[in-house]
Amino acid sequence: MTLNRLLDALQLDRDFLRCVTHWERLPAQPAAYGEWPQTLDLRLVLAMRARGIHLPYKHQARAVAAALRREHVVVVTPTASGKTLCYNLPVLHSLLNDPDARALYLFPTKALAQDQLAGLQDLVELLQADVTVATYDGDTPQGHRKRIRAGARLLLSNPDMLHTGILPHHPQWAEFFRGLGTVVIDEIHTYRGVFGSHMANVLRRLRRVCRFYGSDPNFILTSATIANPAEHAQRLIEAPVTLIDDNGAPRGEKHFIFYNPPLIDAELGLRRSSLLEAQRLGARLLREDVQTILFARSRLRTELLLTYLREAASELGLDPALIHGYRGGYLPGERRAIESGLRSGQVRAVVATNALELGIDIGQLQASLITGFPGSIASTWQQAGRSGRRQDASLAILVAAAGALDQYIITHPEYFFERSPEHALINPDNLVILTQHLRCAAFELPFREGETFGRVAFTADLLAMLEEEGEVQHVGDRWYWMDEAYPAAEVSLRTASPDPIVIMVPSEREGAAAQTIGEMDRETAPVLLHNGAIYLHEGQTYLVQHLDWEAGHAYVQPVDVDYYTEASTQVEIEILKIHQQVQQGEIGKGFGDVEVRSQAVGYRRVRRWTHETLGYGEIDLPESVLDTSGSWLTLAESLVERLRGLGLWHSDAIDYGPNWQEQRDRARARDGYRCTQCGAPERNNRQHDVHHIRPFRSFGYRPGVNDAYLLANRLDNLRTLCRACHRRLEQSVRLRSGLGGLAYLLGNLAPLHLMCDPRDLGSHVEADFPPFHRPTILFYDRAPAGIGLAERLFELQDDLLRHAYDVLQRCPCARGCPACVGPVSEGAEALDWDPKVLTHALLDAMQASLL
């Protein structure tokens, strides 16, 4: 069945259409051509004609002409619009006409660089030019590196290698830097947040080294569609740019479907799992032989969906080997083989994280199935654009998850289709990141008196601080690096830790080396590679036998089990410094520096398909500390007292009765001072919580009126739980308060207002939060020192509250659901209040206070 026939069938499928909230038809677009710039080398024009390209698209013509005029250029057009030609032609023009000229291409991933290499080499061969093209990254054999340094005129690399392997060793690259005339930076929309802030500082170091060798390279940047491409490019390179965004490439018709999984409990607002629904839709596409890419939001969900889809393929009589996974952590050889299989058509479906969101050539896929809103409008368009790379029709389906963010997008398609994509936000002057790169820059070249690092006016103050720490020394009019450390090796551009965990399968032969099957960053490892974890890789299930944290090795063994694992993390937050605090009526708003302490403490085993809990386990790994920025909302006691008097406030600390402390201690002793869920012992003089199996409030205890606490606090109604397990167990009950419901709603909507990835933002809610000792909802940047999200959220809080009120008004559920104030739990029916009413009352009171 062709894709067009499948689309016709879907339009007649009532079960399918019942779940469709929007079907957008994006019409085909014809090509719009320009002329080859007159100054472009004729050999390149003839080479293009030999390849069947007789005229450039209009955006290509404009970009090439601007680059030939030595303007810094940023090209912003959709996927598969021919952006590569926009930089290849001016670069090769320079290399053909100046034997000393050099060029550097920077791609966000090694895979993208490898993908470009073959095409460039073919073009150079067609030109019969004396231009050596080479990749230089972590996979480049040591024996080849000296030859590349000496002979490469066009170098393909990535920011990480530039940061650690090229700039610190610039004397070995002296000839390259002397002739460096053009720097190409591809996919700049990926350089946002922490990664982007690091990248801007790496480019500061690059331009500084170039000036030392007498060169001043021109920059050509490309990007997917974002809201602020010119501003973002200028922040990265600290120079004006020419924006090229008038796309002239043709486009086939695209059908973009918003799909909301069916309700399985309308009153509770519960829907079928987006993962299982994606598996069902993916199986249908496979059955009709529509080559498909399926995106999932995490490594775990990617591997689960891959497993589900392979099982479905077997039931359909299809070969499961036609389906592959693709994500970070796969080895280079695995990724190349999967990419090749997609281009040849041998691989009929691939389940990927956003690792395949970028412009790697994976052939002409017909359908893109996106499991859960990726977190940003820009990423969603990128993933949808991975299908339909010719002028034929293509299909994209967004399958919504149950959370408030997904449900808002899926029920407000106009927000997605009519609003511009997100801004790419970076903060190159983040003090932590800036200082790290200033150390690297001082190692590379001494700083002159009065020299600034980029546009940082307080460079001298930072150098003086480094001198106090003994890392630099001020001699004459120079600042010299004096420390024995190699600073670049201590700075990871993408994570807080530079050294990943290597995942290995021990050999069964005595004395033989273990087989490396992948790697993982240290931020993620505690929740995915702890002892007892199930690690999924290309659909194969491995049991983590031992995580050697100090050595950076995880030893795994293949197993055949029907479950996966989910870890729980304990988080504590402290406000270190308040930068701004304002009182607006009965609402306090502020932002400042916060410390976030987190630790993975336990995990549960979850059966595949049914998602039932099979058991629990303990995690014993070090605590991590994040110093970052936070923004908060606090409620005045007068507002709380008013709601309390109306019976609309249930977030106060509970009086558990006069025998509570005694019963609590007896329960902990009975349970051996260990969590009865995950087995974690009490640590660091921190006592575990004690949980009421039947909610305490449901017993109706009133101090001085009755003694119902005696029944509520019986030992058979108590169990010991670590903080993480307790919070997970009681989450839905806590969400049934107005404060918890509002925190859930704001936490899901905040990324839309900040135009950031939801994973960039953390949240915390507490009824008596120090230092204010008031009900508080706090959000924090997940990046060290913050990248400006918390401060921006402080400015947007009034809009965010109004938006939350609108969502609550529109949600059709009865008492609360994942799309508004949070899910309703089993056993919570004994509580005598309505969480949706409580949240509504709280928002009413807050809105009145803000008027």
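This passage describes the overall form of a predicted protein model and then several of its local features.

The model is predicted, and local features were considered only at pLDDT of at least 70, side-chain atom pairs only at pLDDT 80 or more, while totals for chains, interfaces and linings use all residues. Residues are numbered from 1 along each chain as its sequence is written, and side-chain values rest on heavy atoms, with hydrogens and water left out.

The chain contains 27 helices and 32 strands; helices (H or I, at least four residues) and strands (E, at least two) are DSSP runs numbered from the N terminus. For 851 residues, a compact globule would have a radius of gyration near 29 Å, and the value of 29 Å found for the chain agrees with this. The radius is taken over C-alpha atoms, and the globule rule is 2.2 Å times the number of residues to the power 0.38. Along its principal axes, the C-alpha trace spans about 95 × 75 × 70 Å. Of the 851 residues, 56% count as buried, where buried means under 20% relative accessible area, exposed over 50%, and partly exposed in between (1.4 Å probe, protein chains only). The chain exposes about 34900 Å², of which carbon and sulfur atoms supply 48%; areas come from the Shrake-Rupley method with a 1.4 Å probe, and for residues only the protein chains shown count as cover. Among contacts (heavy atoms within 4.5 Å) with a separation of 6 or more, 73% join residues 24 or more positions apart.

Helix 8, residues 159-166, is mostly covered, six of its eight residues being buried. The buried residues are Pro-159, Met-161, Leu-162, His-163, Gly-165 and Ile-166. They pack against strand 3 (102-106), helix 7 (142-151), strand 5 (154-157), helix 9 (174-179), helix 10 and helix 18 (431-444). At the start of helix 8, a side-chain oxygen of Asn-158 reaches to within 3.1 Å of the backbone nitrogen of Asp-160. Such a polar contact is a pair of N or O atoms within 3.5 Å; within protein, one must be able to donate a hydrogen and the other to accept it, and residues adjacent in sequence count only if both atoms are side-chain atoms.

Thr-720 belongs to strand 30, residues 718-721, and is buried, with a relative accessible area of 0%. Apart from residues up to four places away in sequence, Thr-720 touches Ala-667, Arg-668, Asp-671, Arg-674, Cys-675, Thr-676, His-688, Asp-689 and Val-690. A polar atom of the Thr-720 side chain lies 3.3 Å from the backbone oxygen of Ala-667. By contrast, the C-alpha atoms of Thr-720 and Val-456, 264 residues apart along the chain, are separated by 53 Å.

The structure holds 40 salt bridges, each defined as a side-chain nitrogen of Lys or Arg within 4 Å of a carboxyl oxygen of Asp or Glu. One of them joins Arg-668, a contact of Thr-720, to Glu-682 at 2.8 Å, N to O. Arg-668 lies in helix 22 (residues 660-670) and Glu-682 in the loop between helix 22 and strand 29 (689-692), so the pair ties together parts that are 14 residues apart in sequence. Arg-668 is buried at 6% relative accessibility, whereas Glu-682 is partly exposed at 25%. Elsewhere, salt bridges that share partners join Glu-572, Glu-595, Arg-597, Glu-623 and Arg-686 into one network. In a further pair, Arg-272 and Glu-277, the closest N and O atoms are 2.5 Å apart; Arg-272 is partly exposed at 31%, while Glu-277 is buried at 2%.

Several loops show particular backbone geometry. Pro-770 and Pro-771 are joined by a cis peptide bond with omega of about 5°, and Pro-771 is found in the loop between strand 31 (761-769) and strand 32 (774-781). His-773, in the loop between strand 31 and strand 32, has a positive phi of about 55° although it is not a glycine, and counts as exposed at 54% relative accessibility. Glu-187, also not a glycine, has a positive phi of about 55°; Glu-187 lies in the loop between strand 6 (180-185) and helix 10 (193-212) and is buried at 8%.

Val-475 lies in strand 18, residues 472-475, and is partly exposed at 44% relative accessibility.
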